Amino acid sequence: MRIDILTAFRALLPGETISDSLALALLESACDTLYTLTNRTFLPNEMRGIILRLAVIRYNLLGQEGETKRKEGSFSIDVESLPEDVLREIKAWRIGKIGL
């Protein structure tokens, strides 16, 4: 059984209320990133999990644009735009370009 990607995205954000327009914008942004990083013009269904993970990462980073590090008292947070494990998974889907 497959649920639509918007429903799956919302399920990954329990307790959050998110508008359709924001959810769709985050999913579209995730797809755009994948097109760029993988040199693809079409994203296969098997990449659905990566699309969802990227959209959740983007959602969690809302309001932190431009930040690389935050310190509050003795608590310090390093902000990564793409965690290394996600980037590694994306690179596995790359299509090589042939130079002439």
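Hi everyone, one definition before we start: helices (H or I, at least four residues) and strands (E, at least two) are DSSP runs, numbered from the N terminus. With that in hand, asparagine 39 sits in the loop between α2 (20-38) and α3 (48-61), and we will come back to it.

A word on what you are looking at. This is a predicted model, where local features need pLDDT of at least 70 and side-chain atom pairs count only at pLDDT 80 or more, while totals for chains, interfaces and linings use all residues. Residues are numbered from 1 along each chain as its sequence is written, and side-chain values use heavy atoms, with hydrogens and water left out.

Now the overall layout. The protein chain has four helices and two strands, and from the N terminus on they run α-α-α-β-β-α. Of its 100 residues, 29% count as buried; buried means under 20% relative accessible area, exposed over 50%, and partly exposed in between (1.4 Å probe, protein chains only). If we take contact to mean heavy atoms within 4.5 Å, then among contacts with a separation of 6 or more, 59% come from residues 24 or more positions apart.

Let's go inside. A nonpolar core is a set of buried Ala, Val, Leu, Ile, Met, Phe, Trp, Tyr and Cys residues joined through side-chain atoms within 4.5 Å. The largest one here has 24 residues, and those with the most contacts inside it are Phe9, Ile18, Leu27, Leu34, Ile51 and Leu54. Two or more residues each come from α1 (5-11), α2, α3 and α4 (84-91). Which element gives the most to this core? That is α3, with eight residues. As for isoleucine 18, leaving aside neighbours within four places in sequence, its contacts are Phe9, Arg10, Leu13, Ala23, Leu26 and Tyr59.

Next, please find threonine 33, in helix α2. Is threonine 33 buried or exposed? Its relative accessible area is 15%, so threonine 33 is buried. Not counting residues up to four places away in sequence, threonine 33 touches Leu54 and Arg58. With arginine 58 there is also a side-chain to side-chain polar contact at 2.8 Å; that term means a pair of N or O atoms within 3.5 Å, where within protein one must be able to donate a hydrogen and the other to accept it, and residues adjacent in sequence count only if both atoms are side-chain atoms.

Finally, back to asparagine 39. Its phi is near 60°, a positive value in a residue other than glycine. Asparagine 39 counts as partly exposed because its relative accessibility is 24%.
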